[in-house]
Amino acid sequence: MSDIATEIAHDSAVYKTLLESTKAIPWKIDWKTMTFAYIGPQIEHLLGWTQDSWISADDWANRMHPEDREWVVNFCISQSQAGTDHEADYRALTADGEYVWIRDVVHVVRDEDGEVEALIGFMFDISERKKTEERLKTLQKELEELSFKDGLTGAANRRMFDSILQLEWTNARRNGQPLSVILLDIDYFKQYNDHYGHISGDDCLKRVAQALSGAAARSRDFFARYGGEEFVMVLPETDAKAAERVAERCRSLIFKEQIPHANSEAGQILTVSMGIGTIVPGQHDDPRAFLDAVDRSLYQAKQQGRNRIVNGA
């Protein structure tokens, strides 16, 4: 063997040793035959499949999660045909039936005529990274949910109410359907706090919220804490009479709780006052103006002696 050939062979051995000592898994596929010319021995440690079991690109595709297979294979083929280097994340099947997240980084090799000759690349185990991403997504979702949840009662908060009202207002205007809103206020709540203390007052708010949440019977009915001792319900596709029935259900649910209220001028147990508004929104109607009208109905209920419903529709 010539000195040059010896040097090349030595360099090749060095490169191979370097490649096989990394955690990244090197591989090469011949484009015309779609067969593996090489795959690093690290593949067996990662997935459990032996080196000699990686014969063709079909072995690569078949050892992929069914939900990932079609789009990954189609994407990699189209990118390779275009001569574009690319990468793809997918779940690879292990020999014992589990799945490992892989990132495949692919380089397209062309011959002198510019035709695709081979694909070479590296597989990386990104399972831990994916787990971290999933934890971050879960945390983000939890934080987002908390940002729309009242910290004391666990009900949706005013921020969520504003979003839902705008959404349902748009739907009602587009579909020509009635939209009803009920504002509820605990009667003489200041006196309740003064008599029983703020800790008991907080417990009272929790009980009221829990009871009222049961009045929202349909999936799109929405209940939230509006602020302080006020709560609100948004009832899509609900006319005035149906909204009044929901309000009566609210009164009944609060009555069943039998929460003592010694300092209430409306009776010896805790009660609520309610204002109802119903509208089929037109192009020039404004949700804030509508909400103000519902609030005025609630004010009338208080002025008329509390523990009652005023339907402003």
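In what order do the five strands of the open sheet lie? These legends walk through that sheet and its surroundings in a predicted model.

**View 1. The open sheet has the strand order 2-1-5-4-3.** Its five strands pair in antiparallel fashion. Strand 2 and strand 3 (86–93) take the edge positions with a single partner strand each, so one side of each has no neighbour in the sheet. On average, and with direction ignored, neighbouring strands are turned by 30° against each other.

**View 2. Strand 1 and strand 2 make a hairpin.** Here strand 1 (residues 25–30) runs antiparallel to strand 2 (residues 35–39), and four bridges join them. Look for Asp30, whose bridge partner in strand 2 is Thr35. Four residues lie between the two strands, and Met34 in the turn shows a positive phi of about 55°.

**View 3. Strand 1 also pairs with strand 5 (residues 116–125).** Six bridges hold this antiparallel pair. Within it, Pro26 sits opposite Phe122 of strand 5.

**View 4. Helix 7 (residues 189–196) crosses helix 8 (residues 198–213).** Their axes come within 7 Å and cross at roughly 130°, which means the two helices are oblique to each other. Phe189, Tyr192, Asn193 and Tyr196 of helix 7 meet His198, Ser200, Gly201, Cys204 and Leu205 of helix 8. By class, this contact has five nonpolar, four polar and no charged residues.

Notes
Residues numbered from 1 in each chain as written. Predicted model: local features only at pLDDT ≥ 70, side-chain atom pairs only at ≥ 80, totals over all residues. Heavy atoms only, no water. Pairing = 2+ DSSP bridges. Axes fitted to C-alpha atoms, helices over the stretch in contact; angles between N-to-C directions. Parallel < 35°, antiparallel > 145°, perpendicular 65-115°, else oblique. Contact = heavy atoms within 4.5 Å. Nonpolar A, V, L, I, M, F, W, Y, C, P; charged D, E, K, R; others polar.
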